[in-house]
Amino acid sequence: MMSRRYFGTDGIRGRVGQPPITAEFVLKLGWAVGRVFARQHPDAKVLIGKDTRISGYMFESALEAGLSAAGVDIGLLGPMPTPAIAYLTRTFKARAGVVISASHNPYYDNGIKFFSRQGTKLPDEVELVIEQQIDEPMVTVAPDQLGKAFRISDAAGRYVEFCKSTFPSALDFDRLTLVVDCAHGATYHVATEVFSELGARVIELGTSPDGLNINQGCGSTHPEALRQRVLSEGADLGIAFDGDGDRVIMVDHTGEIVDGDELLYIIAADQARSGRLIGGVVGTKMSNLGLELALEELRIPFARTDVGDRYVTQALGERGWQLGGESSGHILCLAATTTGDGIVSALQVLAAMISSDRTLHEIKQGMCKLPQVMINVQVDAMVDRRALCASEPIRAAERQIMQRLAGRGRLLLRPSGTEPLIRVMVEGEDAAMISQLAQELAALVGGSNG
């Protein structure tokens with residue numbers, strides 16, 4: 001397969017104003033997408049949604065203009081979580097859904113990703129055809145064939161009802177107090193509605209987006225504020241989403257952070273207990289070894305993939321399984337929806353709690369996490385991150401670390417697919433030792449940069 005120039009593992013992403021995240025490129029991208037789908041379906045319709053970062057206005061307009069120039073009608077959803085756009089693309093029978101978001105990244109980044117008519121990521125071959133179309137001269141259709149734009153005013157309400165439908169009707173949140181942190185992102189106007197309409201008392205955090213504060217010291221990547229609020233309010237638990245709403249992290253009533261691995265364990269154990277689990281669970285190379293061991297205790301098969309929900313989804317499809325996820329809190333509950341959905345995942349965890357009459361702190365005890373240290377090493381944007389990881393000095397250091405772990409731990413060196421970072425992860429039984437090993441390797445990686 002030809003290599004892709006623009007699309008990464010999760011769409012196209014980068015710094016706003018720097019290629020390819022420019023208004024000019026996104027205009028051409030919208031036209032290219034429109035041309036590809038209009039050739040297949042002359043009456044094609046595409047939905048566009050976005051998160052709350054300020055550049056979303058610019059890119060929404062650029063995509064709308066490009067799609068219209070290609071003769072495609074456009075449904076405008078406004079600020080909506082990424083999984084909501086996947087869901088609405090299915091229900092509106094649109095040919096594609098477009099998400100303007102850089103997920104958990106800061107406001108000055110942005111990106112474009114796509115969903116198919118089925119609410120899944122576009123196949124690689126379709127992304128390649130779009131890239132080829134981008135290289136063609138942009139030609140506008142005849143004036144009477146231009147695409148029309150319309151705003152879908154009830155998008156939020158439709159998605160709220162969908163989320164509620166994934167929670168068992170026999171259960172409710174009566175007497176539960178939840179702190180919900182929306183990261184000033186795309187869930188700010190829907191997440192609190194879902195939980196409050198199911199009966200919870202909801203204390204809001206991160207629900208005042210200004211275009212610049214998305215993910216800033218809040219949300220799933222910065223759960224410290226959520227932790228403090230849970231403790232100060234005496235809440236039953238806290239729930240934190242990332243900027244586009246496909247990730248979730250929780251905090252129990254004692255203030256302990258419950259990450260994606262633990263949430264995945266809770267959902268898997270509950271589904272296994274009730275006979276709803278199909279096959280096993282897919283994690284990634286970053287999944288804590290404690291998850292694998294806990295699932296083994298329950299006789300639940302476990303498989304690892306490369307990091308990225310694209311690979312988790314692929315592995316689930318190949319095995320015919322329905323549950324997988326990442327430590328970051330990106331969890332795939334394919335029995336309920338087609339993509340990672342923070343709100344839906346949180347509802348599955350809460351259902352497991354309520355049906356077992358246990359707290360979040362109690363229900364997570366079946367899994368014992370091994371100490372794990374991850375350090376993000378900043379590298380020059382021009383450096384070949386994969387080549388750096390494969391260099392002999394780095395490989396030699398890895399071999400020495402594995403000798404010191406003596407089969408009682410794991411090491412992973414992973415170039416980020418979306419940022420100029422190399423992630424150094426060391427896992428083992430001795431917290432002090434793995435911290436030292438991770439710092440030594442991170443220093444070597446940083447010193448080799450350039």
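Strand β10 is covered on both faces in this predicted model. On one side lie Val-248, Met-250 and Asp-252, on the other Ile-249 and Val-251, and all of these are buried. Since 5 of the 5 residues of β10 are buried, the strand is largely enclosed by the rest of the structure.

**The five-stranded sheet**

β10 belongs to an open sheet of 5 strands in the order β8-β7-β9-β10-β11, with mixed pairing. The edge strands, which pair on one side only, are β8 and β11 (257–258).

How do β9 and β10 run relative to each other, parallel or antiparallel? Strand β9 (residues 237–241) and strand β10 (residues 248–252) run antiparallel and are joined by 5 bridges. Within this pairing, Ala-240 has Ile-249 of β10 as its bridge partner, and Gly-238 has Val-251 of β10. The hairpin of β9 and β10 has 6 residues between the strands, and Gly-245 in this hairpin takes a positive phi near 80°.

β10 also pairs with β11 in the antiparallel sense, over 2 bridges. Here Val-251 stands opposite Ile-257 in β11. The hairpin of β10 and β11 has 4 residues between the strands, and its Gly-255 has a positive phi near 95°.

Helix α7 lies across β7 (177–181), β8, β9 and β10, and runs at about 140° to β8. Helix α11 lies across β7, β9 and β10, and runs at about 160° to β9.

The loop between β8 (201–205) and α7 (224–233) contains Ser-220. Ser-220 counts as buried because its relative accessible area is 10%, under the 20% cut-off. Beyond residues up to four places away in sequence, Ser-220 touches Ala-240, Phe-241, Asp-242, Arg-247 and Ile-249.

**Helix pairs**

Two packed helices are described by the angle between their axes and the distance between the axes. The table gives these values for two pairs.

| Helix pair | Angle between axes | Distance between axes |
|---|---|---|
| α5 (residues 155–165) and α11 (residues 342–356) | about 25° | 9 Å |
| α8 and α9 (residues 289–297) | about 10° | 9 Å |

With an angle of about 25°, α5 is roughly parallel to α11, because angles under 35 degrees count as roughly parallel. The crossing of α5 past α11 is right-handed. From α5, Tyr-159, Phe-162 and Cys-163 make the contact, and from α11, Ile-343, Val-344 and Leu-347. The residues of this contact divide into 6 nonpolar, no polar and no charged.

Apart from its neighbours within four places in sequence, Val-194 is in contact with Val-160, Cys-163, Lys-164, Ile-343 and Leu-347. Is Val-194 buried or exposed? Val-194 counts as buried, because its relative accessibility is 0%. In sequence, Val-194 and Glu-161 are 33 residues apart, while their C-alpha atoms are 7.7 Å apart in space.

The other pair in the table is α8 with α9, at about 10°. This angle makes α8 roughly parallel to α9. Asp-261, Leu-264, Tyr-265 and Ala-268 of α8 meet Leu-291, Ala-294 and Leu-295 of α9. The contact of α8 with α9 divides into 6 nonpolar residues, no polar and 1 charged.

**The four-stranded sheet**

A further open sheet has 4 strands in the order β13-β12-β14-β15, and its pairing is mixed. Its edge strands are β13 (302–305) and β15 (331–333), each of which pairs on one side only. On average, neighbouring strands of this sheet are turned by 20° against each other, direction ignored.

Strand β12 (residues 281–284) and β13 run parallel and are joined by 4 bridges. Gly-283 stands opposite Arg-304 in β13.

Helix α8 (residues 260–274) lies across β12, β14 (323–325) and β15, running at about 175° to β14.

Which residues of helix α10 (residues 309–319) are buried? They are Asp-309, Arg-310, Val-312, Ala-315 and Leu-316. The elements that cover these residues include α4 (124–134), β12, β13, β14 and β15. Just after α10, Gly-320 takes a positive phi of about 75°.

Key. Residues are numbered from 1 along each chain as its sequence is written. This is a predicted model: local features need pLDDT of at least 70, side-chain atom pairs count only at pLDDT 80 or more; totals for chains, interfaces and linings use all residues. Side-chain values use heavy atoms; hydrogens and water are left out. Two strands pair if DSSP finds at least two bridges between them. Axes are lines fitted to C-alpha atoms, for helices over the stretch in contact, and angles run from 0 to 180 degrees between N-to-C directions. Contact means heavy atoms within 4.5 Å. Buried means under 20% relative accessible area, exposed over 50%, partly exposed in between (1.4 Å probe, protein chains only). Angles under 35 degrees count as roughly parallel, over 145 as roughly antiparallel, 65 to 115 as roughly perpendicular and the rest as oblique. A crossing is left-handed if the near helix is turned anticlockwise from the far one by less than a right angle, and right-handed if clockwise. Ala, Val, Leu, Ile, Met, Phe, Trp, Tyr, Cys and Pro count as nonpolar, Asp, Glu, Lys and Arg as charged, and the others, Gly among them, as polar.
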